[in-house]
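Me: I would like to learn how to read a model like this one, feature by feature. Can we begin with enclosed space?

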Amino acid sequence: DPDAVVMALGGNDGFNVEAGGQLYGPADPEWQTEFARRVAVVAKTLAGEGGRSGQPKRPVYWVPPPTARDGDLNEIYDTQNRAVKQAVAAVPGLRYVDVYSTLAGGKYSDSLRIDGRKVLARQSDGVHFSREGAVAPARLVLEAMAKDYPALGEEGP
């Protein structure tokens, strides 16, 4: 029974989907609609219900894949991100943590500047973060969570 859920997935979600008896690929508008529907179902389930008010029991922070080295993947990720934003508008408690367009200005980079140091931020696959590079998206998640949990944004002694 967590207080919050962080979802970090989507890197392998460029598969075709079936909706209304038809098969759609990521370039089809129906794909985005179906992906948004699926995100909403997962988010509502994870958020739970808070009781009589119909409000969610907990926030769900959806973290998309970062900008990739591969342009074809970025086209899929772009569509996924639009779909997640659609779901956010429809699902109370669902939050979108934008690591896609915020880190490195939305452009792929093997390195990032973190705490004044340039670090190798990506693994060799051109998608996933390295251990050192994961600090940047983790901070974005914590910033988003601090809006719901102010203590996360407070400086320590």
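Me: How many cavities of 30 Å³ or more does a search of the whole structure find?

Reply: The general idea comes first. On a 1 Å grid over the protein atoms alone, a cavity is a set of points where a 1.4 Å probe fits but cannot get out. Points are joined across faces, edges and corners, and a volume is the space filled by probe spheres set on the points. Here the search finds one cavity of 30 Å³ or more. The largest cavity holds about 40 Å³. This is a predicted model: local features need pLDDT of at least 70, side-chain atom pairs count only at pLDDT 80 or more, and totals for chains, interfaces and linings use all residues. Residues are numbered from 1 along each chain as its sequence is written, and side-chain values use heavy atoms, with hydrogens and water left out.

Me: Which residues line the largest cavity?

Reply: A lining residue has an atom within 4 Å of a point. In this case they are Leu103, Ala104, Lys107, Ser109, Leu112, Ala121, Arg122 and Phe129. By class, five are nonpolar, one is polar and two are charged. Ala, Val, Leu, Ile, Met, Phe, Trp, Tyr, Cys and Pro count as nonpolar, Asp, Glu, Lys and Arg as charged, and the others, Gly among them, as polar.

Me: Where does Lys107 sit, and is Lys107 buried or exposed?

Reply: Buried means under 20% relative accessible area, exposed over 50%, and partly exposed in between (1.4 Å probe, protein chains only). Lys107 is in the loop between β5 and β6. Helices (H or I, at least four residues) and strands (E, at least two) are DSSP runs, numbered from the N terminus. Lys107 is exposed, because its relative accessible area is 60%.

Me: How do β6 and β7 pair?

Reply: Two strands pair if DSSP finds at least two bridges between them. β6 and β7 pair in the antiparallel sense over four bridges. Ser111 has Leu120 in β7 as its bridge partner. The two strands form a hairpin with two residues between them. Asp115, in the turn, has a positive phi of about 55°. Asp115 is exposed, with a relative accessible area of 60%.

Me: Now the open space. Which residues line the largest pocket?

Reply: A pocket is an open set with protein on both sides within 12 Å along at least five of seven lines. The largest one holds about 170 Å³. Its lining includes Ala8, Val63, Pro64, Pro65, Pro66 and Phe129. By class, the lining has eight nonpolar, four polar and no charged residues.

Me: Which way do the side chains of β1 point?

Reply: They alternate along β1 (residues 5-8). Val5 and Met7 point to one face and are buried. β1 pairs with β4 (residues 60-63) in the parallel sense over four bridges. Val6 has Tyr61 as its bridge partner in β4.

Me: What do the buried residues of α2 pack against?

Reply: Contact means heavy atoms within 4.5 Å. The buried residues of α2 pack against α1 (29-47), β4 and β5 (94-96). Among them are Ile76, Tyr77 and Val84.
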